[in-house]
Amino acid sequence: MRKIFKDRTLCWVFLASLLAVAAGLLTRSVTLGGLGLIGLAVLALRRRRRQFEAEVAPVSPVPHPPAADEEPDPPARHVAPTDIDGLVGEMLKQDRYALLLRRQLVGNLRPNQRRAAREALEQHMALVPEGEVSLGGGDDGSGDGREAPPPPPPPPAKGTVCRVAGLFLDRYQVTNRQYRHFVLSGGYEQMSIWDPQILAAVLDFVDSSGHPGPRFWKKGRYPAGQDEYPVVGVSWYEAAAYARWSGKRLPTEAEWVKAGSWPVPLSSTSHWQRKFPWGDTMDRERCNLWGSGPGRVVAITEYPEGVSVGGVYQLIGNVWEWTTGNFGGAGDSQGRDLTLPTPMKSIRGGAFDTYFENQATCQFQSGENPLSRKHNIGFRCALSLCDIAGGVHASDPAEADEEASLTEGVTV
Amino acid sequence: MIKQGTLPLDSYRMAEQAVQMPCYICGTDNTYDAELCRQCFAPMALAHQANAQKVSPKMLAAIGPSGVGKTVYLGMLMDMLARQPDRLQMTARGAFSINLQQTAASALARGEFPTKTPSEPDRWNWVHCQVRAKGDSRCLDLIMPDMAGEALLEEVDHPNTYEVIHPLLSKCSGALIMIDCTKLQTSSLDQDYFTMKLLSYLAELDENPKQSWAKRPIGLILTKADECEECFLDPAAFAQARAPGLWRQCHEQFRNFKFFATGVAGGCAYRVRRDGRVRVPLRIEPRGIVEPFEWLMKQVKA
């Protein structure tokens, strides 16, 4: 109301509307009264709209959002749409390098920007080469994983064999800090990055104080000191939206298993793959599971001994990871014929509270309602090699050489 | 052909056989070599161990309706304390005490819930263990049976149907009463009513007011809370909203009680078998298992 009186025009409209309503009542004129009411309604709607805009207005992102609970949001920095350098800089700070490396965009970048984007890609993502991987046959799910490991030589992997095209997979799970960039840039209001069927539920994806964001955040912020902790309390749809926003996608089942188990071809028809990213024997010192860790989520940089052959961290333990695959149906990876209470998406890798070792292998698959926002489910993103500019597609020979070096040695 | 030989006359063994051994639960005299009490079917090993080790183990009861998760809870609790004795150290006394842990943990690792505990008391699993809190030199000998829900219900409705339940509950130092929160969530009041019956049964057990259940500690555990996240946030508020009868009865009849929420499976599905549809865990992620037991231990020791 104060704003109405501050604006002289609005003040006149308000007074005129009031007079019109009063005159309408006195003269019993429906037209006059109606006009007055319409004027008041317009003013009320205008006020509501301003309040709503103030609540949901996207704030320009900052490079490293503060995590302290009580610190105010940093001042908004607006980057003009025509300021390409500024936009590229912002996107690099937001870890959206994958978007910059898309074929449609990479041509607009300066060489130093292109180099920066490629360096970011190499730093944050690991290459998973093209090849075959077995799904569902590596672990029968029996026993509690406390038995002695199988003696060498390892048996060839069994199960459904899938062909996986080369891809990049995030070395680490998406962190609170990275996810906050998404929240601050208005990710929850950008309807184009959300699955159409979930639009109605996006308003429900709020934190503990009702702000858009992961379930366990408060007032749009994660707990202090947890910048490099994997983001949890996000549904499958939020994970997929973040991935799209960052120019990536969630990994498929086969891609995730391939990155962890790193299959080695034994012959043209069979191959061997690891039970865990580091080998065939469970080593609780290498992962954050029940009984081996502090009993909570830890930072993504911990447990470096558990890294996969390709350089992907914490595939086993810490938090489960959403994948694109559906869970259940005619038979899951353990060969069980399950009836699900709700449709489920596949999660993999186990979490800090996973009790049995046989449920924290590369092959083990579990399921969760895609709308669930649990304390122990996070995600990491993938990027197909074909989605970024490759050597064969580059128009400039120098560029082609650079891009070829990026994907060098992909085929096995 | 009959072989003849000389059998030494071990008079002390004959004397042992002649001495009657009272059951630790119901007090009925049994022969020395009896495996189960002839009256209540409790294992006589409990009496033998108490006698040999010169200890008087306290008893705790985990009770609740059929299918509420008593076996899973007790088995998981024992396995967790055996694997990670950070907060409480638990040492099983006697091989029979590991059966429950083995049954529950093996089934869960296979991706199944353990089979239903039979109604017959002679087929129940009993646990005799020694528990010690970290930094506390005092040990506590405990006896905990895994009772069948059907037997409890039958005993509550028709007292003395099962000879073992009445003496056991009379002697218990505390109890963990389990309630299925998924059923409360669906507004099914059966759990509420059954738990109220159990509490009434307990309240009327003792004639001696000094030892009445009103003063003994009772942990009320909302099980399967993994399927009902709000239950973890505030179990007492959940119980107040979903089981008002139980909530009121606790406040009126008991002085020392507390609500807890526990979950063992991270998610569940159903598997169709020849004998029908069975619920199976998708993964095992225990939450809130040790806390109720830890609280009860403190209360019992106090």
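Residues are numbered from 1 along each chain as its sequence is written, while chains are lettered from A and ligands numbered from 1 in the order in which they are written. In this predicted model, local features need pLDDT of at least 70 and side-chain atom pairs count only at pLDDT 80 or more, whereas totals for chains, interfaces and linings use all residues.

**Stop 1: the contact between the chains**

Select the residues of chains A and B that touch each other. Chain A gives 24 residues to the contact and chain B gives 19 residues; two residues are in contact if their C-beta atoms, placed from the backbone, lie within 7 Å. On the side of chain A that touches chain B, the elements giving two or more residues are β8 and β10 of chain A. β10(A) supplies the largest share of that side, 3 residues. By type, the chain A side divides into 6 nonpolar, 13 polar and 5 charged residues. Here Ala, Val, Leu, Ile, Met, Phe, Trp, Tyr, Cys and Pro count as nonpolar, Asp, Glu, Lys and Arg as charged, and the others, Gly among them, as polar.

**Stop 2: a sheet with strands from both chains**

Next, select β8(A), β10(B) and β11(B). They form an open sheet of 3 strands in the order β8(A)-β10(B)-β11(B), with antiparallel pairing. Strands (E, at least two residues) and helices (H or I, at least four) are DSSP runs, numbered from the N terminus, and two strands pair if DSSP finds at least two bridges between them. The edge strands, each pairing on one side only, are β8 (338–339) of chain A and β11 (276–287) of chain B. Between β8(A) and β10 (residues 263–273) of chain B there are 2 bridges.

**Stop 3: β9 of chain A and its partners**

Move to residues 344–348 of chain A, strand β9, where 5 of 5 residues are buried (20 or more other C-beta atoms within 10 Å of a residue's own; exposed means 12 or fewer, partly exposed in between; C-beta atoms are placed from the backbone). On one pairing, 4 antiparallel bridges join β9(A) to β7 (residues 320–327) of chain A, with A:N326 partnered by A:K345. On another, 4 antiparallel bridges join β9(A) to β10 (residues 365–368) of chain A, with A:R348 partnered by A:Q365.

In a regular strand the side chains alternate between the two faces of the sheet. In β10(A), A:Q365 and A:G367 point one way, A:S366 and A:E368 the other, and all are buried.

**Stop 4: β4, β5 and β6 of chain B**

Select residues 125–133 of chain B, strand β5, which 5 antiparallel bridges join to β4 (residues 88–92). B:M90 stands opposite B:V131. β5(B) is also joined by 7 antiparallel bridges to β6 (residues 140–146), where B:I143 is the bridge partner of B:H128. β5(B) and β6(B) form a hairpin with 6 residues between them, and B:G135 in the turn has a positive phi of about 80°.

**Stop 5: B:Q240**

Finish at helix α10 (residues 235–242) of chain B, which holds B:Q240. B:Q240 counts as partly exposed because it has 16 C-beta neighbours inside 10 Å. From B:Q240 to B:T186 is 54 residues in sequence and 15 Å in space, C-alpha to C-alpha.
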